[in-house]
Amino acid sequence: MTQIFASPTVQRWRCLPQYLAWLCLGAVLAGCGGGSEDAAPQSPAAPGPTVPTNPPGPVAPAGVTYGDLRAAALGVGASLNGAVPFPASNAWNADISAQSIDPNSDALIASIGLDRGLHPDFGAGLYQGQPIGIPYVVVAGTQARVAVQFTDYASESDPGPYPFPPNAPIEGGPASSGDRHVIVIDRDNNRLYETGNSYPQPDGSWRASGGAVFHLDSNNVRPTAQPRWTSADAAGLPIFPGLVRYDEASLGPGGIRHALRFTVSRTRRAYVPPATHWASSNTSPDLPPMGMRVRLKASYAIPAGYSSETRAILTALKTYGMMVADNGSNWYLSGAPDERWNNDRLVSELRQVAGRNFEVVRMDGLVQP
């Protein structure tokens with residue numbers, strides 16, 4: 001069976017300098033990938049945007065619910081049963097298929113790689129003894145809250161207690177030396193909890209480098225955050241909303257109704273909303289800023305012979321695109337592990353979709369030094 005190679009992990013919770021720009025997001029808020037990047041110096045504080053009210057969004061099709069996860073199933077990798085995080089008007093859920101192309105799109109795409117194909121950073125089974133992808137667990141509102149001791153980024157973390165079960169899945173597995181993200185969704189209260197470098201303690205508490213709590217039912221995604229606070233993502237984005245999940249992809253084209261997240265090896269010292277943070281010292285305008293959104297070109301014909309899961313992913317990339325969320329291997333697409341993925345088909349089909357098949361959506365509100 002073809003192996004899915006997980007990208008080399010960036011020890012960002014322990015090795016990168018303190019993340020800079022965690023703002024209360026207005027428009028909205030994909031796990032860290034692998035690779036490396038220059039350490040980022042302190043950046044000037046950007047003014048926090050005004051948090052808008054939730055404007056009317058598109059009408060949800062039958063079986064789809066925006067910003068209300070109460071119908072989700074419970075457990076590790078559970079189906080959301082048609083629920084989509086955040087309101088329909090949120091940037092993660094925006095149809096960007098008709099938006100203008102960025103004037104520097106060609107150079108930006110070339111910096112990531114014109115001939116390199118997409119690669120799934122998720123799948124079934126194990127690779128080098130570790131689950132492939134970023135896991136999550138859905139819990140009920142009655143889940144017991146436990147204390148979380150924050151270390152490196154305590155001053156920028158949302159305080160506990162968090163509804164972490166003792167067996168919450170850890171990215172890379174219990175013995176991982178990587179980013180060790182833990183993602184827990186409280187379905188009944190529409191809250192998303194994400195931590196990095198997370199370790200369960202004998203008394204039932206947890207220790208983590210830092211943690212963030214996101215409101216999945218509002219465009220005021222993290223109301224407790226202060227300017228320049230970090231999250232578990234180099235771009236200042238939540239991880240979970242950008243993951244490819246089997247429960248959506250298995251529905252075929254149209255099953256994924258939100259943007260996805262991906263990684264690139266070199267980024268710019270800049271970000272574009274909904275991202276709020278950069279993690280590079282390079283100011284080249286030809287490198288992608290954090291939060292840059294790309295989409296699959298309308299001219300790309302999705303092969304009818306591809307699996308329904310791959311066609312669902314590519315359809316989403318045409319409609320909602322994917323955002324640069326972290327430093328890592330080029331064109332690595334983030335997702336959740338699931339034993340139902342067909343690793344051989346995912347790898348062989350996605351790698352045929354090359355960088356030259358993408359274009360950059362016009363970047364409005366770019367923040368740079």
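This is a predicted model: local features need pLDDT of at least 70, side-chain atom pairs count only at pLDDT 80 or more; totals for chains, interfaces and linings use all residues.
Local features are reported at pLDDT of at least 70 and side-chain atom pairs only at pLDDT 80 or more, whereas totals for chains, interfaces and linings use all residues. Residues are numbered from 1 along each chain as its sequence is written, and side-chain values use heavy atoms, with hydrogens and water left out.

The largest nonpolar core contains 69 residues. A nonpolar core is here a set of buried Ala, Val, Leu, Ile, Met, Phe, Trp, Tyr and Cys residues joined through side-chain atoms within 4.5 Å; buried means under 20% relative accessible area, exposed over 50%, and partly exposed in between (1.4 Å probe, protein chains only). I313, M322 and F358 touch the most other members of this core. Its largest share, five residues, is supplied by α4. When residues up to four places away in sequence are not counted, F358 is in contact (heavy atoms within 4.5 Å) with I109, L118, V294, R295, L296, K297, L317, M322, W331 and V353. Another core, of 15 residues, lies apart from the largest one and includes F164, V182, Y193 and W206.

Helices (H or I, at least four residues) and strands (E, at least two) are DSSP runs numbered from the N terminus. Helix α5 spans residues 343–350, and its buried residues are N343, L346, V347, E349 and L350. These residues pack against β4 (119–121) and α4 (308–319). At the start of α5, the backbone nitrogen of D344 has a side-chain oxygen of N342 within 3.2 Å.

An open sheet of three strands has the order β8-β12-β11, with mixed pairing. β8 and β11 (199–200) each have a single partner strand and stand at the edges, so one side of each is left without a neighbour in the sheet. Strands are taken to pair if DSSP finds at least two bridges between them. β8 pairs with β12 (residues 206–208) in the parallel sense over three bridges, and W206 in β12 is the bridge partner of V148.

H181 is located in the loop between β8 (148–150) and β9 (182–186) and is buried, at a relative accessible area of 0%. Its side chain makes a polar contact with the side chain of E171 at 2.6 Å. Such a contact is a pair of N or O atoms within 3.5 Å; within protein, one must be able to donate a hydrogen and the other to accept it, and residues adjacent in sequence count only if both atoms are side-chain atoms. A polar atom of the H181 side chain also lies 3.0 Å from the backbone oxygen of A232.

G255, in the loop between α3 (246–249) and β14 (260–264), is buried with a relative accessible area of 11%. The C-alpha atoms of G255 and E309 are 9.0 Å apart, with the two residues 54 apart in sequence.
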